[in-house]
Structures are given as C-alpha cells and as structure tokens.
Amino acid sequence: MSINIAIDGPAGAGKSTIARAVAAALGFIYVDTGALYRTVALHAKRKGAETPERITAALQTAEISLCFSEGTQHVILCGEDVSGLIRTPEISMAASVVSAIPAVRQYLFDLQLELAKQNNVIMDGRDIGTVVLPHADLKIFLTASPEERARRRYLELSAKPDCPPMEEILQDIIKRDEADRNRAVSSLRQAEDAVLVDTTQMDQQQVIDHLLGLCRERLGL
C-alpha cells in the first residue's frame with residue numbers, strides 16, 4: 001500500500017524545492033502539481049486561448065504526461081519536455097488563472113490520483129490535502145510571510161537580466177495570494193488535520209530537516 005504525503009501552501013513558499021528534497025531523502029516520487037497547471041497554461045497560451053471556454057476547448061489537444069529521471073520530474077507536453085519553459089513569471093500568473101477552471105482541474109485530477117495510488121509520493125500544490133488527497137497519510141501546510149517569499153524569489157531571479165524589482169515581486173505574490181484564497185474552486189486553505197509549518201525564520205535545510213522529522217514521527221519512516 002502506497003504512502004502519500006500532501007504539502008500545500010501559498011505561492012513562493014518553497015513547496016517544490018522542499019518537497020523534492022524530502023522525497024529524494026525518503027526515496028519517494030515527487031509530484032509537482034503546480035507544474036501540471038503551468039503546462040496547461042503554456043498550452044493555452046500557444047493556442048491563443050484566453051477565456052475559460054477557449055482554455056477548456058484547448059484541453060482536447062493537450063497531451064500532458066510526467067516522466068521521472070533520477071528522481072526528477074519532467075513534464076511532457078505533446079511530446080516536448082517543457083519543464084524549463086513553464087517557469088517564467090508570465091506562465092506562473094497564467095497558471096493561477098487556468099487552475100480556477102473546473103474543467104482543467106478535472107482533466108488533471110485523474111493523473112494525480114493514479115500517481116498517488118501506484119507510488120509512494122510527496123505531492124505539493126494548493127488543494128492536495130483538502131481535495132486531491134484528502135486521506136493522505138501526512139498533510140503539511142507550508143507557508144512564509146509575503147515579504148520573505150518575495151525576498152527568496154528575488155534572490156532566485158536576481159542573476160537574470162530581466163529580473164523584476166523586489167516591490168513588483170511582492171505585489172505579484174500578494175495578488176496571487178488573494179486570488180488563490182478567494183477562488184470559487186479549490187481555494188487555498190489549510191486542511192484541518194494539516195501540520196502548519198511557517199518557514200519565515202528558517203533556512204532551506206532547517207525546513208527539510210523539520211519535515212523529515214515529521215515524517216519519521218508521524219509515519220515511522
């Protein structure tokens with residue numbers, strides 16, 4: 001029987017980086033559900049689909065799958081590895097829009113469930129513990145202050161020539177938080193039985209160690 005760990009939290013909380021490291025340490029498969037929504041957003045952009053109706057229609061030509069190489073998830077869109085192309089700020093904001101469309105969520109729901117059923121997984125997103133894996137063996141809500149999330153994002157992008165100002169990144173995060181909390185479908189919220197982990201005052205390794213400790217304590221891993 002597979003073991004499922006759900007990690008939810010706001011954009012920029014470091015869910016993907018932390019979940020990937022914890023999964024590697026445990027020998028689990030890491031499933032970055034945000035990457036799936038980013039891939040739908042990229043496909044919609046390529047098709048010129050901007051309204052919910054057109055985005056829904058574009059799903060008919062979207063062929064999305066995951067493959068894993070040395071523990072790393074790669075997202076394949078219509079035969080092309082788009083893992084790098086989906087990491088731009090533009091696609092990030094577009095992903096927030098497409099993820100609010102019920103048809104998109106349903107389209108990706110079955111893929112996520114099948115992965116969780118067949119494998120020991122750590123899955124991160126916004127509604128994993130509340131909607132996708134409500135019976136997960138361990139649920140974690142990972143967060144940090146908007147200012148700290150903006151600082152981390154700025155450091156991540158600072159080497160790039162088109163890095164936006166810190167204030168712009170902060171405003172984007174605040175706007176994204178508001179949209180995610182107030183959406184009609186699968187809004188961002190902490191599951192009642194999730195463990196809250198605020199990483200504002202923690203560095204990356206401290207967060208990884210803390211989550212590994214939770215896995216050992218709660219699951220005996």
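**Entry 1: the sheet**

I began with the strand order and found an open sheet of five strands, arranged S2-S6-S1-S7-S8 with parallel pairing. I noted the edges next: strand S2 (29–32) and strand S8 (195–198) each pair on one side only. From one strand to the next, the twist averages 20°. I record here that the model is a predicted one.

I then looked up the pairing of S1 with S6. Strand S1 (residues 4–8) and strand S6 (residues 121–125) run parallel and are joined by five bridges. Within S6, I find aspartate 124 standing opposite isoleucine 7.

**Entry 2: helices across the sheet**

Which strands does helix H5 lie across? I traced helix H5 (residues 102–118) across S1, S2 and S6, and its direction is at about 150° to S6.

**Entry 3: H2 against H4**

I turned to the packing of two helices, a relation described by the angle between their axes and the distance between the axes. At what angle do the axes of H2 and H4 cross? I read a crossing of roughly 100°, with the axes coming within 8 Å. Angles of 65 to 115 degrees count as roughly perpendicular, and H2 and H4 are therefore roughly perpendicular to each other.

I listed the residues in contact. On the H2 side they are Tyr37, Arg38, Val40, Ala41, Leu42 and Lys45. On the H4 side they are Glu90, Ile91, Ser92, Ala94, Ala95 and Val98. By class, I sorted the residues of this contact into eight nonpolar, one polar and three charged.

**Entry 4: the second largest pocket**

I next examined the second largest pocket, whose volume is about 180 Å³. Its lining consists of Ala41, Ala44, Lys45, Gly48, Ala49, Glu50, Ile55, Glu90, Ile91, Ala94, Val97 and Val98. Helix H2 (33–46) and helix H4 (89–98) are the elements that give two or more residues to this lining.

Which element gives the most to the lining of the second largest pocket? I find that H4 does, with five residues. The lining residues divide into eight nonpolar, one polar and three charged.

Conventions
Residues are numbered from 1 along each chain as its sequence is written. This is a predicted model: local features need pLDDT of at least 70, side-chain atom pairs count only at pLDDT 80 or more; totals for chains, interfaces and linings use all residues. Side-chain values use heavy atoms; hydrogens and water are left out. On a 1 Å grid over the protein atoms alone, a cavity is a set of points where a 1.4 Å probe fits but cannot get out, and a pocket is an open set with protein on both sides within 12 Å along at least five of seven lines; lining residues have an atom within 4 Å of a point. Grid points are joined across faces, edges and corners, and a volume is the space filled by probe spheres set on the points. Helices (H or I, at least four residues) and strands (E, at least two) are DSSP runs, numbered from the N terminus. Ala, Val, Leu, Ile, Met, Phe, Trp, Tyr, Cys and Pro count as nonpolar, Asp, Glu, Lys and Arg as charged, and the others, Gly among them, as polar. Axes are lines fitted to C-alpha atoms, for helices over the stretch in contact, and angles run from 0 to 180 degrees between N-to-C directions. Angles under 35 degrees count as roughly parallel, over 145 as roughly antiparallel, 65 to 115 as roughly perpendicular and the rest as oblique. Contact means heavy atoms within 4.5 Å. Two strands pair if DSSP finds at least two bridges between them.
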